[in-house]
Amino acid sequence: MINPLGTGLGVYIPLYFYVGMILAALLSIAWKPRLGLYFLILLIPLATTRVKLIAFPLGAQVIDILWFSVFVGLVFRRNGNLIPKARINGFLVAFAIFTFISLWQGWLYLGGDPPIYISDPRFSDWKNYMVMPIIAVVVAAALRDKKQIKFALLLIVLAACLVNWSFFRSTSGRDFSHFSYEIRDAGVIGYAGVNGLAVFAAGIIVFLATLSSFLRTKIMRLALAAVIAFSVYSLLFAFSRGGYLACLTGISFMALFRQKKLLVGVVVLLIAWQAILPAAVQERINMTYDKNDQELDPSAGDRVSLWKDAANLIVQNPITGSGFDTYQYMRRVGRYTDTHNYYIKVLVEMGLIGLLLLLAILFQMWRLGFQLFKTADDPFLQGLGLGFAALVICIAVANLFGDRWTYLPEDGYLWVLLGCVMRAHQIAKEEGAEKATEVAGLIPSQRDDLVTVS
């Protein structure tokens, strides 16, 4: 494991995290639920660190222990509505039910033992899949005000720094003058892979760049600019073409509504990328299509083969698919266990119903963020809303090139930020009601002065 802190104490880091997990879980139940949530947020992308916790009792269940302890603490201290009302809640419940039914349909399709126990790999995959929307709900319930949301975002920034530092340390001695597959590395993000690292970095860049444009404190903008620059390094040298496109699309969306001058930069990059980007990155992009042989490179060519084969499966079960998490067990095309396009994978496994539910959830996510941007009066909440909407666009594009939806380390923060946005809507509504009450209590002349100032 790469020590993300770069100290001689790296061997003890798993023990620190394990003890921290126990304390956070106990404090969440007995005192403040959000303490366990904060610890959970920090751990989400540190996949290789979490793997080291498996050596300890219940260490493999660290994520489940933390979210469940936060939930228990919230139930014990329930004050009013536990979860903010939002239209997306119904879609998430429908998706959970449908995927569970699809899990059993997959058992009928594949045969073997029924998916009853957690030891069953497909049931385990379904449970891990459902953990992410659960985290969103827990975040929305545990965070109660803007100060707590800001602290959660601070932890996301800190975790991003650890991920970037891990990547930098693991690749710092490698020769980036030319591209080769041997110089790619996923760093501390682990099993999500190097493409997952690229999508994580792209999401961090898009979200923080958007949020930073709304901040008024210069030192905060400079600090975020440093994190963004560090993330750009990780994105570039992860050599993921899908990650590049996802980041560029997210930034372009943000620029349309916040900083249109950035669109000039995007156009310049698209025109002059061969003069701007490092040589190894240029080589990776140029690999997509071999001009001499007039063919796609093996990676892109394999994707086309996978998609053509998947089309045959989709025709066989167009409405409900073959069943949740079945494709990886079919061994249809060589060594591949994924269609390398998540939308196609959903069509294969869950059919048109599953795809429509997924697209509805993506749209509801984007809608929540964009509505917060348009309706909130507070600049921080506006930045949170537009940043989240841009992040959804980024992740949606990334899923065109692989499964960037079911891996907690790479898109777990999408769900954390969904919870933040759900709570932020409630905060904005309460602030609007308070302001309306204050205005109503003023005499007419004072009311006119307030409207003029606003």
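Predicted model: local features only at pLDDT ≥ 70, side-chain atom pairs only at ≥ 80, totals over all residues.

**Stop one: a pocket.** Start by selecting K150, L211, L215, M220 and F380, the residues nearest the centre of the second largest pocket. That pocket has a volume of about 430 Å³, and its lining runs to 16 residues. Now colour the helices: helix 7 (146-171), helix 8 (193-212), helix 9 (218-238) and helix 15 (379-398) each give the lining at least two residues. Helix 7 has the largest share, with 4 residues. If you colour the lining by class, you'll get 12 nonpolar, 3 charged and 1 polar residue.

**Stop two: S231.** Stay on helix 9 and pick S231, which sits in that helix. Is S231 buried or exposed? With a relative accessible area of 1%, S231 is buried, because the cut-off for buried is under 20%. Show its surroundings and, leaving out residues up to four places away in sequence, you'll find S231 touching N164, A201, I204 and I205.

**Stop three: L277.** Next, jump to the loop between helix 11 (261-276) and helix 12 (279-286), where L277 is placed. To finish, draw a C-alpha to C-alpha distance from L277 to L236: the two are 41 residues apart in sequence and 8.6 Å apart in space.

Methods:
Residues numbered from 1 in each chain as written. Heavy atoms only, no water. 1 Å grid on protein atoms, 1.4 Å probe; cavity = no way out; pocket = protein on both sides within 12 Å on 5 of 7 lines; lining within 4 Å. Points joined across faces, edges and corners; volume = space filled by probe spheres on them. Nonpolar A, V, L, I, M, F, W, Y, C, P; charged D, E, K, R; others polar. Buried < 20%, exposed > 50% of the residue type's maximum accessible area, 1.4 Å probe, protein only. Contact = heavy atoms within 4.5 Å.
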